[in-house]
Amino acid sequence: MTIEREVLPTDVLIVGAGPAGLSLAYKLAQLVQADEGLEMPEVLLMEKGSHIGAHSLSGAVMDPRGLSELIPDFAEKEAPLESPVTADAMYYFGKESAIRFPFTPKAVDNHGNYIVSLNRLSAWMGELVEAAGIDIFAGLAGSELIVRDGRVAGVQTVDMGLDKEGNPRPNFEPGSIVEAKVTILCEGVHGSLTRQAFEKLPHLTADCLPQSYLTGVKEVWQVPEGRIKAGQVYHTIGWPQPSNEYGGGWIYAMSDTMVSIGYAVGLIHPTRPTIPT
Ligand SMILES: Cc1cc2nc3c(=O)[nH]c(=O)nc-3n(C[C@H](O)[C@H](O)[C@H](O)COP(=O)(O)OP(=O)(O)OC[C@H]3O[C@@H](n4cnc5c(N)ncnc54)[C@H](O)[C@@H]3O)c2cc1C
């Protein structure tokens, strides 16, 4: 069956409105504004989440260097920072013991950083990007990377109204083809279009080390007052993982009563399954 699809041309297509896609869109708008000779290209930023931030997931302790380079007046613009980091601690867990490191290893030293909700930060950045004149289409997922003559020509968006077997139901709505002069994939880890790019343009990954992954759980908990202080950051390694595996846990106090808590395990150990390529 041939499906007729709407074709939407644009200059720049950005797929994914996480921190990367939003920063890119904002920077592009800044560059155009700074150069009077430049005309604003047509930019389409698509995000599969129902709203900006809906799919943003992180711990999250944020090093503010990147944000302050991009948006130097982020404080005046009321960036939603939950708390500055006030104290760091790292623990090694045994099955029934916890030993506090006498120093904070550099990799988890968060002096000068902030605890944020990435969800809120992304929503805030989305507002700035839209105010800078860039259209964001939330609830729109790219499903097929279009490659013509060895170059990326755009993205086909997802078909709606398919049954379990992939056959069209009466409410079928075919996805559109967004044709772009430049397509930038900002899908985060394990992006489906990015994987298609690796398959269709194998030179992109030639001579590269394979990606490695962790899998984990993260929740935001409300805790009674007096348990923790806003800005406290805890990291753990050790139990329940054996010492030859990579991973660990965290607790970040977003406020005196709200914590981000999580645990992640590396998938690179030979005894663990790896994600098929
Ligand atoms: C549990 C956890 C804890 C973390 N803790 C920290 C931390 O404490 N500090 C820190 O600095 N970093 C942390 N990170 C890492 C940090 O979250 C990421 O580096 C960051 O979110 C990457 O930003 P990104 O924009 O590249 O991707 P993402 O934030 O993943 O955003 C990608 C966006 O693209 C959208 N998208 C994907 N595919 C498509 C598609 N085909 N069509 C349309 N939209 C699409 C997604 O919905 C999403 O909104 C953590 C990550 C996790 C998972």
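User: Why are α1 and α3 described as roughly parallel to each other?

Analyst: This is a predicted model, and the description rests on computed axes. The axes of α1 and helix α3 (residues 118-131) cross at roughly 25°. Angles under 35 degrees count as roughly parallel. Therefore α1 and α3 are roughly parallel to each other. The two axes also come within 9 Å, and the crossing of α1 and α3 is left-handed.

User: What makes the contact between α1 and α3, and how do its residues divide by class?

Analyst: On the side of α1, the contact is made by P19, L22, A25 and Y26. On the side of α3, S122, M125, G126, L128 and V129 take part. By class, the contact of α1 with α3 has seven nonpolar residues, two polar and no charged.

User: How do you know which residues surround the ligand, and where do they come from?

Analyst: A residue is counted as near a molecule if its C-beta atom, placed from the backbone, lies within 6 Å of it. The ligand is surrounded by 31 residues, the closest being G16, G18, S58, G59 and G188. Two or more residues of this shell are given by each of α1 (19-34), β2 (43-47), β3 (61-62), α4 (192-200) and β14 (214-222). The largest share, three residues, comes from α1. By class, the shell has 13 nonpolar, 14 polar and four charged residues.

User: How is the shell around the ligand related to domain 1 and domain 2?

Analyst: Domain 1 (1-80 + 117-208) and domain 2 (82-114 + 212-277) each supply at least three residues of the shell. The centres of the two domains, taken over C-alpha atoms, are separated by 30 Å.

User: How many residues of domain 1 are in contact with domain 2?

Analyst: Eight residues of domain 1 are in contact with 12 residues of domain 2. The side of domain 1 that touches domain 2 comprises five nonpolar, two polar and one charged residues.

Note on methods: Residues are numbered from 1 along each chain as its sequence is written. This is a predicted model: local features need pLDDT of at least 70, side-chain atom pairs count only at pLDDT 80 or more; totals for chains, interfaces and linings use all residues. Helices (H or I, at least four residues) and strands (E, at least two) are DSSP runs, numbered from the N terminus. Ala, Val, Leu, Ile, Met, Phe, Trp, Tyr, Cys and Pro count as nonpolar, Asp, Glu, Lys and Arg as charged, and the others, Gly among them, as polar. Domain bounds come from an automatic or database domain assignment. Axes are lines fitted to C-alpha atoms, for helices over the stretch in contact, and angles run from 0 to 180 degrees between N-to-C directions. Angles under 35 degrees count as roughly parallel, over 145 as roughly antiparallel, 65 to 115 as roughly perpendicular and the rest as oblique. A crossing is left-handed if the near helix is turned anticlockwise from the far one by less than a right angle, and right-handed if clockwise. Two residues are in contact if their C-beta atoms, placed from the backbone, lie within 7 Å.
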